[in-house]
Amino acid sequence: MSLERFISEAISPWMKREGAESDIVLSTRVRLARNLDQYPFPIIAPEESSYALFQYLQKEFQDQEYADKGKLEVIPVDDLSQNEKRVLVEKHLISPHLAEKSNYGAVVLSEDEAVSLMVNEEDHLRLQCLFPGLELREGLTFASYLDDWLEGKVTYAFDEKRGYLTSCPTNVGTGMRASVMMHLPALVMTQQLNRILPAVNQLGLVVRGIYGEGSEALGNLFQISNQMTLGKTEEDIVEELQGVVQQLIQHERAAREQILESSKVKLLDKVNRSYGLLSHSYVMESKEAAQLLSDVRLGIDLELIQGVSKNILSELMILTQPGMLQQYAGKGLTPDQRDERRAALIRERMQLEQGSSD
C-alpha cells in the first residue's frame with residue numbers, strides 16, 4: 001500500500017460495489033467524533049501535546065489490520081503537498097479543515113479507503129466509514145465495531161450525562177454524523193426541491209453540498225445529514241435519517257416519472273445533448289462538467305442512454321476536480337489549462353465507454 005495509490009486512483013475500491021437504492025443514493029457515511037481524555041482538545045492544545053498524540057496514534061495504528069479492510073496506513077498531513085491534500089479532500093478521505101491545518105494532523109486509511117481516521121482535526125479522532133448506496137444501518141454497525149476496537153487502544157473523553165465530549169458543542173453526545181449523498185436532478189428540474197428542503201431542515205436534518213458544510217451542490221448532488229447528536233441514541237439518529245431519505249427517494253422517483261410522462265422528448269434531447277457535449281468538447285469548466293454528468297447519469301438511470309456505466313458520475317466528478325487534474329498532469333495548471341485537460345479527460349473516458357459497449 002502506498003500514498004501514491006491513494007492519490008492517483010480516483011475511484012476508491014469501496015465505490016465500485018453496488019449499494020441499495022444506488023440510482024439515487026451514491027454513498028453513505030457514518031462519522032464519529034472522539035477525543036482522548038489525557039490530552040488537551042485540539043482547539044487549545046499546545047504544539048507538543050499535538051505532536052505527542054500524533055506519535056502515540058502513529059505507533060498504535062501503523063500497519064495494523066482491521067476486519068476485511070486490510071492494513072491501515074498513517075499519512076502525516078504535513079508530509080503532503082498542497083495538491084495531494086486537495087486530492088484527498090476531493091476523494092472525501094480528509095476534510096478541508098484537516099487539509100488546512102499544519103499542527104501534526106494525519107489521516108489513517110484502510111486499503112479499500114472505506115475507513116478513514118482523521119487525527120488532530122477539530123477533535124483528536126474523526127472516525128469515518130464509507131459505503132456505497134443507502135447503507136445507514138450497516139454503516140452504524142460497522143462504525144460501532146470500529147469504535148469499540150479503537151476504545152480498546154485508547155481512553156475516550158466521556159461524561160455519564162453528556163456522552164462523548166467534543167470540541168464543538170453541537171457534536172457532544174453521540175458524536176455521530178450520519179449522512180448520505182443523493183443525486184436529485186428531477187426534483188431540481190421540477191423545482192420541487194426548494195419546497196422540500198425547509199421541511200427536511202425542520203426535522204433536524206441539514207442539506208449541504210458535495211463537500212459538506214459551506215460547499216456548493218454541484219451536479220445536483222446533495223449531502224443529507226443529522227444536526228443533533230445530544231439526547232438521541234445512534235440508532236434513533238440513523239432511523240430518522242433513513243426515513244427522510246426514503247421519502248426523498250420516493251419524491252425523486254415520482255418527479256422522474258412525471259418528467260418522462262410529460263416531457264420525454266425534451267428529456268431525451270437534454271440528456272443526449274449533454275452526452276454529446278461531454279464526448280466532443282475541448283474546453284469545459286467544472287460546474288458545466290458536473291451538470292452535464294448529472295444529466296447523463298439521469299439518462300443512464302432512466303435507460304434513455306445505453307452502454308454507459310452508471311459509475312461515470314462518481315468517477316468523473318472526482319477525476320475532473322482541480323487537484324486530481326493537476327495530479328495526473330504532474331504539475332500545476334492554470335484555470336484555462338485545467339478546463340482543457342478536463343474536457344480531454346472526459347472525451348477519453350467517454351470513448352472508452354463507447355469502445356467497451358461495441
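## Helices α3 and α11

Helix α3 (residues 82-90) and helix α11 (residues 322-329) have axes that come within 8 Å and cross at roughly 130°. Helices here are DSSP runs of H or I with at least four residues, numbered from the N terminus. Axes are lines fitted to C-alpha atoms over the stretch in contact, and angles run from 0 to 180 degrees between N-to-C directions. α3 and α11 are therefore oblique to each other. Angles under 35 degrees count as roughly parallel, over 145 as roughly antiparallel, 65 to 115 as roughly perpendicular and the rest as oblique. The crossing of α3 past α11 is left-handed (the near helix is turned anticlockwise from the far one by less than a right angle).

From α3, Asn83, Glu84, Arg86, Val87 and Glu90 meet Pro322, Gly323, Met324, Gln326 and Gln327 of α11. Contact means heavy atoms within 4.5 Å. This contact has three nonpolar, four polar and three charged residues. Ala, Val, Leu, Ile, Met, Phe, Trp, Tyr, Cys and Pro count as nonpolar, Asp, Glu, Lys and Arg as charged, and the others, Gly among them, as polar.

## Basis of the model

This is a predicted model: local features need pLDDT of at least 70, side-chain atom pairs count only at pLDDT 80 or more, and totals for chains, interfaces and linings use all residues. Residues are numbered from 1 along each chain as its sequence is written, and side-chain values use heavy atoms, with hydrogens and water left out.

## Helix α9 and its partners

α8 and α9 pack with axes 8 Å apart, at an angle of about 125°. That makes α8 oblique to α9. α8 passes α9 in a left-handed crossing. On the α8 side, the contact includes Arg256, Leu267, Lys270 and Tyr275; on the α9 side, Ala289, Leu292, Asp295 and Asp301 are among the residues. By class, the contact of α8 with α9 has 10 nonpolar, two polar and four charged residues.

Helix α9 (residues 286-301) also packs with helix α10 (residues 312-319), at about 170° and with axes 9 Å apart. α9 is therefore roughly antiparallel to α10. Ala290, Leu293, Ser294, Arg297 and Ile300 of α9 meet Ile312, Leu313, Leu316 and Met317 of α10. Seven nonpolar, one polar and one charged residues make up this contact.

## The cavity

The structure holds one cavity of 30 Å³ or more. A cavity is a set of points on a 1 Å grid, over the protein atoms alone, where a 1.4 Å probe fits but cannot get out; lining residues have an atom within 4 Å of a point. The largest cavity has about 50 Å³ of space, where volume is the space filled by probe spheres set on the points.

Its lining is Leu203, Gly204, Leu205, Asn226, Gln227, Met228, Lys232, Ile237, Glu240 and Leu241. Helix α8 (residues 234-280) gives the most, with three residues. By class, the lining has five nonpolar, three polar and two charged residues.

How values were computed:
Helices (H or I, at least four residues) and strands (E, at least two) are DSSP runs, numbered from the N terminus. On a 1 Å grid over the protein atoms alone, a cavity is a set of points where a 1.4 Å probe fits but cannot get out, and a pocket is an open set with protein on both sides within 12 Å along at least five of seven lines; lining residues have an atom within 4 Å of a point.
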